[in-house]
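Subject: Structure handover

Dear colleague,

I am handing over the structure we spoke about, with notes on what was found in it. Please look through it before reading on.

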Amino acid sequence: MKSSRWVAGMALALLVLSAKGQAPMSDSPGRSITGGAAVVYQYPEQVTVSAGKPSPVALHFRIGQGLHINSHTPRQEELIPTTFSIPEGSGVRLVKADYPTGNDFTLPLDPNTKLSVYTGEFTILTRIVAESGNHLVEAKLRYQACDRNVCMPPKTITVPIDVIGK
Amino acid sequence: MKRNTLVLGVVLLILATFAWAGWANWEYRKQAAEKLLASAAKGELVSTAAGDVPQYISPLKGKPAPNFALEDLSGHKVSLSSYKGKAVLLNFWATWCGPCKIETPWLVELRNQYAAQGFEILGISTEGDDLAKDDKAGREKQKADVAKFAQQEHMPYPVLIDGDSISQTYGGLDAMPTSFFVDRNGTVVAAQMGISSKDDIEANIRKALGAGK
């Protein structure tokens, strides 16, 4: 009786496992590598600052797994730096942007060339001046991403922030 | 006896479940691959079962390479059709692409090695940049950067600019480097996105030359 229960339990477990195997997984074969966004803006979605005064705002970004982007100060002049900007006429002015220091990185096939990159999560510390009122700012982040084998073209993403100047 | 029969039945059920799961999984992957190919007016770089060497699925493989005419660094138009009868490697690259820089010396060596057999490379700069169309200064700088790169790397083959204009006809070119190996009849016999090894490139060149798989 005991062994029958054991066999039945095993069968159930195998059924569950095999059913799980049918579901597409994020890292399953066939997943497009270049299709998704390399960098995603995380937060804040909304900030309240004193109108007319420079105010610090920390912007948080996340880079896709296995990817890296050039830091703001890449070591090679032909590489495209990561840059943040706020379009003119949006009611908010970018006074200053402090970028994190890049991490050293080398490609396996070229161990002698050191790159300065961001991976994982990174934060840009900005100082902005907002006019009085509510401003739906579409700031921009320009970057160029690679993994160990390929590089994606430079891209500019929108960084949407609701800035309230009081 | 009755219990043994029951256990045997359960074991058979488990084996049948395994067989079904394997078949269903194979079917699912086959359908996914077919769907991808069917919708592939666009090339896709996809992860493989092993998870380490991504595979480039190009809609152009086995088809005639789309003709084009692009300017070289001296401003002369160069068309693919003028290379008919030769095996050609179309190497799409960009100045901001580290892996492109790594593979360029391999390409130079291979070009020199196989040129006598009727092989040529067309290096097509595809900056993919989001420069405005009227940004003349930006485009001039880009052209100067491409020329500088070509000079630094001693590229002995034609370097063409504005690969972005033919990107769609070549499957989208979402990443660099991307190479298409075209045989003497103008058919794409292999395509590769991303850097792998000099040996892989050489094997595809030989395939394009009809000198072995």
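Two strands are taken to pair if DSSP finds at least two bridges between them. The model is a predicted one, and the pairing described below was computed from it.

Sheets of chain A

Strand 4 (residues 68-70) of chain A is joined to strand 11 of chain A by 2 bridges, and the two run antiparallel. In this pair, A:H68 has A:C146 of strand 11 of chain A as its bridge partner.

Chain A has another open sheet, in which 4 strands take the order 2-12-10-5 with mixed pairing. Strand 2 and strand 5 (83-85) of chain A are at its edges; each has a single partner strand, so one side of each is left without a neighbour in the sheet. On average, and with direction ignored, neighbouring strands here are turned by 30 degrees against each other. Strand 5 of chain A and strand 10 (residues 133-143) of chain A run antiparallel and are joined by 3 bridges. Within strand 10 of chain A, A:R142 stands opposite A:T83.

The chains as a whole

Chain A comes to 1 helix and 12 strands. Of the 166 residues in chain A, 26% are buried. Among contacts in chain A with a separation of 6 or more, 71% are between residues 24 or more positions apart.

Chain B has 4 helices and 9 strands. From the N terminus on, its elements run α-β-β-β-β-β-α-β-α-β-β-β-α. Buried residues account for 36% of the 213 residues in chain B. Of the contacts in chain B between residues at least 6 apart in sequence, 70% join residues at least 24 apart. The domain assignment divides chain B into domain 1 (2-39) and domain 2 (59-209). The centres of domain 1 of chain B and domain 2 of chain B, taken over C-alpha atoms, are separated by 45 Å.

Helix packing in chain B

From helix 2 of chain B, the residues B:W106, B:L110 and B:Y114 take part; they meet B:K198, B:I201, B:E202, B:I205 and B:L209 in helix 4 of chain B. By class, this contact has 6 nonpolar, no polar and 2 charged residues.

Backbone geometry to check

Most residues other than glycine have a negative phi, and most peptide bonds are trans. The following places are listed for that reason.

- A:Y43 and A:P44 are joined by a cis peptide bond, with omega about 5 degrees. A:P44 is in the loop between strand 1 (39-43) and strand 2 (46-49) of chain A.
- B:M176 and B:P177 are likewise joined by a cis peptide bond, with omega about -5 degrees. B:P177 is in the loop between strand 7 (159-160) and strand 8 (178-182) of chain B.
- B:L173 has a positive phi, near 45 degrees, and lies in the loop between strand 7 and strand 8 of chain B. B:L173 counts as buried because 24 C-beta neighbours lie inside 10 Å, where the cut-off is 20 or more.
- B:H154 has a positive phi, near 50 degrees, and lies in the loop between helix 3 (136-152) and strand 7 of chain B. B:H154 is exposed, because 9 other C-beta atoms lie within 10 Å and the limit is 12 or fewer.

Regards

Definitions and conventions:
Residues are numbered from 1 along each chain as its sequence is written. Chains are lettered from A and ligands numbered from 1 in the order in which they are written. This is a predicted model: local features need pLDDT of at least 70, side-chain atom pairs count only at pLDDT 80 or more; totals for chains, interfaces and linings use all residues. Two residues are in contact if their C-beta atoms, placed from the backbone, lie within 7 Å. Ala, Val, Leu, Ile, Met, Phe, Trp, Tyr, Cys and Pro count as nonpolar, Asp, Glu, Lys and Arg as charged, and the others, Gly among them, as polar. Domain bounds come from an automatic or database domain assignment. Axes are lines fitted to C-alpha atoms, for helices over the stretch in contact, and angles run from 0 to 180 degrees between N-to-C directions.
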